[in-house]
Amino acid sequence: MKKILVLISILIIFLLVTGCTQPTGQTSQSTSANTVSSPVQQVLAKVEVYGNIADIGLPIYAHLMDGRKQEYVLAKTTTAELDKSGRKYIIIDPDTRDISYAIALKHNADCKVPVNYCSAIILDDGKHLILRAPAGQKKLIASADLDFNWLPDTPLRLIPRSSLKLGSRTGSGVTYDTHIGGMVSAVRQDTLSSLVGELSGEQPIMVDGEKVTITSRATESGETIKKATQYFGNYLAARNLTVEYPQWTSDDYSGTNVIGTKTGKTKPLEVVLVTAHIDTEPSAGRSPGADDDASGVAAVMLIADLTSRQDFDRTIRFAAFSGEEQGLLGSDAYARQAAKNDELIVAVYNMDMISWNQNSNVAEIHTRIPSNPGYEGDMEIANVFTDVVSKYDLSGDINPVILSDGEELSDQASFWEQGYPGIWALEDGNNDFNPYYHSQDDLHEKMNMKYYTAYVKASTATVAHLAGISG
Ligand SMILES: [Zn+2]
């Protein structure tokens with residue numbers, strides 16, 4: 001017995017020494033006095049924020065809020081520049097050469113047991129983990145079932161590229177429109193049920209004359225994600241939208257986005273982009289992804305259907321992005337190309353997980369942080385959402401809560417990085433997180449259909465008001 005106790009003690013000590021202990025980031029505090037970097041070497045630093053982040057004068061790669069709701073930015077620059085900024089900073093990586101970084105949400109990444117990516121953690125802010133991936137090791141993080149985004153290759157664009165220019169509003173900017181009221185009433189629970197059932201493999205679908213069951217939409221599932229993508233594209237094409245299938249490649253992954261366009265009548269260059277992601281986790285086996293994110297994809301489809309018989313001032317584009325689970329790869333490729341082409345995307349409305357609800361009815365609308373120059377543009381979109389919930393009598397079923405926390409772990413973040421305004425429409429992620437997330441039990445039957453239907457009604461009215469009913 002004693003022997004066993006000794007053995008157990010040795011094992012515990014061994015695990016404590018070699019296992020995944022949580023680095024705090026705070027302990028590696030560096031100042032200009034004791035830095036290990038040369039003055040010309042680019043480091044990754046966590047920099048304090050006060051005032052507008054555009055005034056910091058450093059190349060900023062992320063703007064985040066930690067577990068104590070304190071904001072900070074990540075800057076990639078030299079210690080000389082960091083010192084010049086006059087801000088307090090901590091070097092979290094002294095050498096950034098050939099390194100990629102991931103920002104992951106901590107909720108599913110506790111590292112309580114040894115996990116392959118734990119040693120890559122260079123900062124734990126209480127809400128996010130910052131992970132370091134040397135060249136060739138990106139796939140270790142991309143395949144680790146984390147909710148994450150890659151730090152971009154170029155600094156965040158802090159000068160807004162576009163906005164709705166709705167002007168200063170007091171929250172009463174949306175007036176009830178009978179056409180839009182008609183679209184809202186036409187959002188039906190049974191339609192959403194069959195779309196989600198088809199996307200999540202509950203029932204078979206017909207794609208180009210062939211009967212298939214979508215058992216998985218995982219990025220590397222091959223034929224099944226291909227069929228799901230085609231199904232989405234065919235649905236939009238049948239509603240007279242122009243459909244494109246832009247391909248992307250990023251390191252070890254590649255995929256296809258689907259984009260359907262409905263051209264605006266009076267402001268065709270101004271684009272309202274309605275998005276969700278078609279890919280799922282788990283990456284192997286049955287991967288239904290009903291809430292994450294068939295809920296968003298089905299909403300995009302139904303909104304495309306309901307708006308197809310009406311003219312709008314602005315162009316509406318409907319997107320199903322892929323590679324989201326590997327670090328927003330599809331939306332990143334699309335947003336970078338849009339910025340390169342100087343496209344005028346005036347609003348990104350991203351729906352990712354909008355159907356799980358046990359009790360609160362909370363609908364989280366995430367914008368950037370108020371000290372970010374992009375915040376005003378995001379708030380214009382968020383305000384339209386809260387307005388339509390009251391104007392279209394949806395308050396009994398959903399309760400909008402605007403969270404200006406810059407939470408960047410879904411596709412709208414790819415557009416924020418390029419200076420485009422956008423929001424992330426999410427269920428109550430903070431207080432009522434879907435326990436079936438990223439599992440084979442993320443099924444249609446677990447959805448709260450009443451809440452989900454109300455969420456899609458509000459989303460339909462939001463998109464219609466953003467695009468503007470024409471004539
Ligand atoms: Zn998702």
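Modeller: Happy to! Angles under 35 degrees count as roughly parallel, over 145 as roughly antiparallel, 65 to 115 as roughly perpendicular and the rest as oblique. This is a predicted model, where local features need pLDDT of at least 70 and side-chain atom pairs count only at pLDDT 80 or more, while totals for chains, interfaces and linings use all residues. Residues are numbered from 1 along each chain as its sequence is written, and side-chain values use heavy atoms, leaving out hydrogens and water.

Biologist: What makes α5 and α11 roughly perpendicular to each other?

Modeller: The axes of helix α5 (residues 189-199) and helix α11 (residues 449-467) cross at roughly 100 degrees. That angle falls in the 65 to 115 range, so α5 and α11 are called roughly perpendicular.

Biologist: Which residues of α5 make the contact?

Modeller: Gln189, Leu192, Ser193 and Val196 of α5 do, meeting residues of α11 that include Met449 and Tyr452; contact means heavy atoms within 4.5 Å.

Biologist: Why is the site of the zinc ion called irregular?

Modeller: Its four donor atoms make angles of 52 to 144 degrees. The ion is coordinated by His277 (NE2), Asp292 (OD), Asp352 (OD) and Asp352 (OD), at 2.0 to 2.6 Å; donors are N, O and S atoms within 2.8 Å of the metal (3.2 Å for Na, K and Ca).

Biologist: How do you know whether His277 is buried or exposed?

Modeller: Buried means under 20% relative accessible area, exposed over 50%, partly exposed in between. His277 has 0%, so it is buried, and Asp292, at 3%, counts as buried too.

How values were computed
Four donors count as tetrahedral if all angles lie between 85 and 135 degrees; four count as square planar and six as octahedral if opposite donors are over 155 degrees apart and all others between 65 and 115; anything else is irregular. Buried means under 20% relative accessible area, exposed over 50%, partly exposed in between (1.4 Å probe, protein chains only). Axes are lines fitted to C-alpha atoms, for helices over the stretch in contact, and angles run from 0 to 180 degrees between N-to-C directions. Helices (H or I, at least four residues) and strands (E, at least two) are DSSP runs, numbered from the N terminus.
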